[in-house]
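Here is a short tour of the charged pairs in this protein, with a stop at a surface patch along the way. Have the model open as you read.

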Amino acid sequence: MAEPSTSTANAGAAPAMVRLAELVAALSLGVDLGFGQPMEHVLRQCLIALRLAERSGLGEEDRSVVYYTALLVNVGCHADAHEQAKWFGSDIELRSQKYDHPPRSIGMMAATLRLVGSGNPPLHRFRVGLEFGLSGHRDLDGMIEQHAALARALATELGLPAEVQEAVGSSYEQWDGRGWPGERGGDAVPIASRLAQLAEYVEVAHRVGGVEAAVQLAQQRSGTQFDPRLARTLGQDPMAILGGLDHAQTWDAVIAAEPALGRTLSGPQLDAALLAVANFVDLKSPWRLGHAHALSQLAPAAGARLGLPGGELQALRRAGLVCGLGRLGVSNSIWDKRGPLGAGEWERVRMHPYLTERMLHQSSWLAPLGSLAVQQAERLDGSGYPRGLPGAAISRLARILGTADAYQSMREPRPYRAALTADAAARQLRADVRAGRLDPDAADAVLAAAGHPAARGRPGGPGHPGRLTGREVEVLRLVAQGLSSREIARRLVISPKTARNHIEHIYPKIGASSRAGASLYAMQHGLLPAEEYGQLPAGEYGQLAAGEHRRPDR
């Protein structure tokens, strides 16, 4: 393989101990994008929450709970982006109106209903509205509760203490008891939850309207949404809470502000945390489930075939886990679209590697991974994105990562096509090599590392997670893809009632109550089919087939 001018040899060469705060803060930047907010909205709300906590007399341990609660409060909100885009046109537009009206208000309900069917021609929009009125509203039942439950699950995966898990899980409760899930009110809501919620809304009001608007919002919702004592604390000396936010180096300030001893990760802990975040990001679309995990195995397997040293293999593995983070900033109306994309939609797709880089660049140990991930969609002939780099400017590791990503994407289904067979995918990969788009050495290494799909027996059985039967695993896989009970019935040649019965049995077995929760369970327990979702069986990174679609995959 010709040695390119750009080197990423040090990518992923993380220090012995890495601060968890940096990973969570980087993820929060993607949450900002998913809510249509400018980057560092969540970081600023974290600073506001910490300042309020200090002035409220909280000790260092309690402020540590506030810190991580404020950073993770909305991290689960993209998990049902598929359903949000299906009914409201753009999941990001739907979430962006969160701060325009009080929760549960008539104004909020009216604004939400106005979005039903958005982005469709008038007749189609009418049909979507009719379907939503008849049955689609059920997709919204429990949606916010699920956001909190999934955020709590991530806090658990990251090894955060029980106090953080509880506070994140209660982050949508309100002082008056009319929040979500509506099980707590007043002082029964953890203080970290109350602080994070007030800080979240105050940050937006302050950024849009200044100190006066922030104080006014807190006063207006005091005793209903917000704890009146915390609202009073803000009003007594607002400059002490909000002063300097517009000019602060927010990233540095938040990382430095972590109370108590900073939580650190190393070795397997770090890789497990990266995988947990990657799985959560992949929940955004049923068409991407397990992609990051599979890529993080295939890319270093190909690198090993090329004789790369251990540090570079580590970089490929970790870059495979983070390179999809920027997808949080692009609507599912694009990712899940079954038809061709328009020019404007393609521009959004081409931005997602850049967004990944922007999310990671402020962390000294994540930045090298961002520099590698931003090149994974570049092509040797300059036809890639986001920068259209020529071959000489694309690093060796990025060529391997991009080829592995192309292969993995082609072996997975997309809303506009079925998964390619092993032979068809391999032919397309080699065609891209002949056309000068992909590096031949990288392609050979990916194909050699992938091999051919191994035969898999029928899933399920007495020892299967959750005691699922083989049929229930089949249904769970289709639920994870976002199929309705009627579509599942057609696929499995059963009645819709039987499909619904299966779903009703599956959810209690696995402790889920939504597609997002079921999808996460399927990823965590290896229940997605290898031939469709790229899960690698035990052994040397598994046996898979190779391929890439001619156009950049979305």
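A residue counts as buried when its relative accessible area is under 20%, and as exposed when that area is over 50%. Lysine 98, with a relative accessible area of 14%, is therefore buried. Please keep in mind that the model is predicted.

**Salt bridges**

The structure holds 24 salt bridges.

| Pair | Closest N to O distance |
|---|---|
| Lysine 284 and aspartate 91 | 3.0 Å |
| Arginine 396 and glutamate 312 | 3.0 Å |

Glutamate 200 is buried, at 2% relative accessibility.

The salt bridge between lysine 284 and aspartate 91 spans 193 residues, from the loop between α14 (268–282) and α15 (291–305) to helix α5 (residues 91–96). Both lysine 284 and aspartate 91 are buried.

Arginine 396 and glutamate 312 form a salt bridge that links helix α20 (residues 396–410) with helix α16 (residues 310–322), 84 residues apart. Here arginine 396 is partly exposed at 25% relative accessibility, whereas glutamate 312 is buried at 7%.

There is also a salt-bridge network, which links Asp187, Arg194, Asp227 and Arg229.

**A nonpolar patch**

On the surface, Leu123, Phe126, Leu130 and Leu134 make up a nonpolar patch with about 470 Å² of accessible area together. Phenylalanine 126 lies in helix α7 (residues 122–134) and is exposed, with a relative accessible area of 57%.

Definitions and conventions: Residues numbered from 1 in each chain as written. Predicted model: local features only at pLDDT ≥ 70, side-chain atom pairs only at ≥ 80, totals over all residues. Heavy atoms only, no water. Patch = residues over 30% accessible without salt bridge, like charges linked within 9 Å, V, L, I, M, F, W, Y side chains within 5 Å. Areas by Shrake-Rupley, 256 points an atom, 1.4 Å probe, with all protein chains shown as cover. Salt bridge = Lys/Arg side-chain N within 4 Å of Asp/Glu carboxyl O. Helix = DSSP H or I, 4+ residues; strand = E, 2+ residues; numbered from the N terminus. Buried < 20%, exposed > 50% of the residue type's maximum accessible area, 1.4 Å probe, protein only.
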